[in-house]
Amino acid sequence: MSVSQHEPPVSAPEPASWSAWVRDRAVRTLPPEKLLPDKQPTYVASWIYVFGVLSLSALAVIILSGTILALKGPGWWHFTGIGHFFNSVHLWSVELFFFVMVVHLWGKYFMAAWRGGRKGVWITGSITFLVAIPCALTGYVSQQNFDAQWISTQAKDAMNAAGIGSFFNLLNFGQMYSYHILLLPAAVVAIVIGHILLVRRHGVVPPFKLAATASRAGRDGAGPDAREASS
Amino acid sequence: MAAIFNLNHHAPYVHWHFLQMSVSNIVVIVLMVIVFWAAILIKFPTHGMRGKS
């Protein structure tokens with residue numbers, strides 16, 4: 001193939017502004033049909049693929065119930081019936097979040113979900129799990145009761161032994177509360193958003209091919225990835 | 001406020017060699033394993049929809 005010396009090479013025009021550059025880049029990286037797909041591969045029709053969405057649902061309940069608790073304050077969540085209810089909703093949504101997140105983690109581990117250029121998906125998921133742990137633990141010391149007092153006085157020794165007690169002080173309620181309701185939840189939500197965008201970009205990881213399926217797919221020229229069904 | 005279980009005692013623990021874990025944590029881990037295998041083995045309802053789309 002020859003290129004005329006008088007014609008400039010065809011390329012996309014340079015965006016006029018930074019906002020146009022960001023928009024072009026975003027749409028190229030994650031086109032709308034990938035961002036909000038209406039079909040999924042057939043292998044997604046399995047209960048094990050449901051646990052990511054269950055984790056997100058539990059996280060939404062955590063944020064919502066936590067927002068209500070933060071608005072009303074400790075006097076409300078300790079001494080009123082409806083306060084007890086939202087306190088329990090917050091606790092049990094966290095328990096559920098970790099429960100389904102662990103099952104999600106096991107499922108993805110045994111699928112080797114980092115395959116096919118998905119290592120970013122795996123890494124953001126792992127970091128979410130690691131950041132969610134101190135997010136939950138700072139909640140235990142933010143309760144404003146004897147349980148919180150006991151946990152903070154015991155756990156401070158571990159922080160001091162690790163050499164970080166001077167800037168992560170479990171006896172400082174204001175600091176722990178700030179970590180619990182702002183810094184760590186913001187980090188969890190931000191990383192989860194990145195995790196979801198990466199999943200949408202790379203697609204859901206396919207299962208391993210069985211030996212018989214792989215050889216048949218090789219003969220037919222199509223594997224299970226080629227089939228699609230309505231989600 | 002009444003609890004379903006009597007919580008007015010120390011949590012029961014299992015000691016086995018180096019392993020020390022509360023019974024409640026063991027129950028949660030066993031439940032997670034059961035749910036994990038159930039999610040793999042139980043058929044997803046949309047399997048019957050194959051070919052109808």
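The predictor gives the complex an ipTM of 0.80 and a pTM of 0.82. Chain A contains nine helices and two strands, whereas chain B contains one helix and two strands.

**Overall make-up of chain A**

- From the N terminus on, the elements of chain A follow the order α-α-β-α-α-α-α-α-α-α-β.
- Of the 231 residues in chain A, 20% are buried.

**Helices α6 and α8 of chain A**

- Two packed helices are described by the angle between their axes and the distance between the axes.
- For helix α6 (residues 119–140) of chain A and helix α8 (residues 173–202) of chain A, the axes come within 9 Å and cross at roughly 160°.
- Because angles over 145 degrees count as roughly antiparallel, this crossing makes α6(A) roughly antiparallel to α8(A).
- The residues in the contact of α6(A) with α8(A) comprise 16 nonpolar and ten polar ones, with no charged residue among them.

**Helices α3 and α5 of chain A**

- Helix α3 (residues 51–72) of chain A and helix α5 (residues 81–110) of chain A have axes that come within 8 Å and cross at roughly 155°.
- That angle makes α3(A) roughly antiparallel to α5(A), and α3(A) passes α5(A) in a left-handed crossing.
- Sorted by class, the contact of α3(A) with α5(A) has 16 nonpolar residues, ten polar residues and one charged residue.

**Loop residues of chain A**

- Most residues other than glycine have a negative phi, and most peptide bonds are trans.
- Ala112(A), which lies in the loop between α5 and α6 of chain A, has a phi near 50°, a positive value in a residue other than glycine.
- Ala112(A) is partly exposed, because it has 13 other C-beta atoms within 10 Å, and a residue counts as exposed if that number is 12 or fewer and as buried if it is 20 or more.
- Gln144(A) is placed in the loop between α6 and α7 of chain A, and its phi, near 65°, is again a positive value in a residue other than glycine.
- With 15 C-beta neighbours inside 10 Å, Gln144(A) counts as partly exposed.
- Asn145(A) lies in the loop between α6 and α7 (146–162) of chain A, and Asn145(A) is exposed, since 10 other C-beta atoms lie within 10 Å.
- The C-alpha atom of Asn145(A) is separated by 8.7 Å from that of His78(A), although these two residues are 67 residues apart along the chain.

**The hairpin and helix of chain B**

- Read along the sequence, chain B has the pattern β-β-α, and buried residues make up 4% of its 53 residues.
- Strand β1 (residues 13–16) of chain B and strand β2 (residues 19–22) of chain B run antiparallel and are joined by four bridges.
- Within this pairing, Trp16(B) has Leu19(B), in β2(B), as its bridge partner.
- The two strands β1(B) and β2(B) form a hairpin with two residues between them, and in the turn His17(B) has a positive phi of about 50°.

**Confidence in chain B**

- The mean pLDDT of chain B is 85, and 83% of the residues of chain B reach 70 or more.
- Confidence in chain B is given as lowest in β2(B), at a mean of 93, and as highest in helix α1 (residues 23–41) of chain B, at 95.
- Where pLDDT is low, the predicted coordinates should not be read in detail.

Notes. Residues numbered from 1 in each chain as written. Chains lettered and ligands numbered in written order. Predicted model: local features only at pLDDT ≥ 70, side-chain atom pairs only at ≥ 80, totals over all residues. Axes fitted to C-alpha atoms, helices over the stretch in contact; angles between N-to-C directions. Parallel < 35°, antiparallel > 145°, perpendicular 65-115°, else oblique. Nonpolar A, V, L, I, M, F, W, Y, C, P; charged D, E, K, R; others polar. Pairing = 2+ DSSP bridges. pLDDT = per-residue confidence, 0-100. Left-handed = near helix turned anticlockwise from the far one by under 90°.
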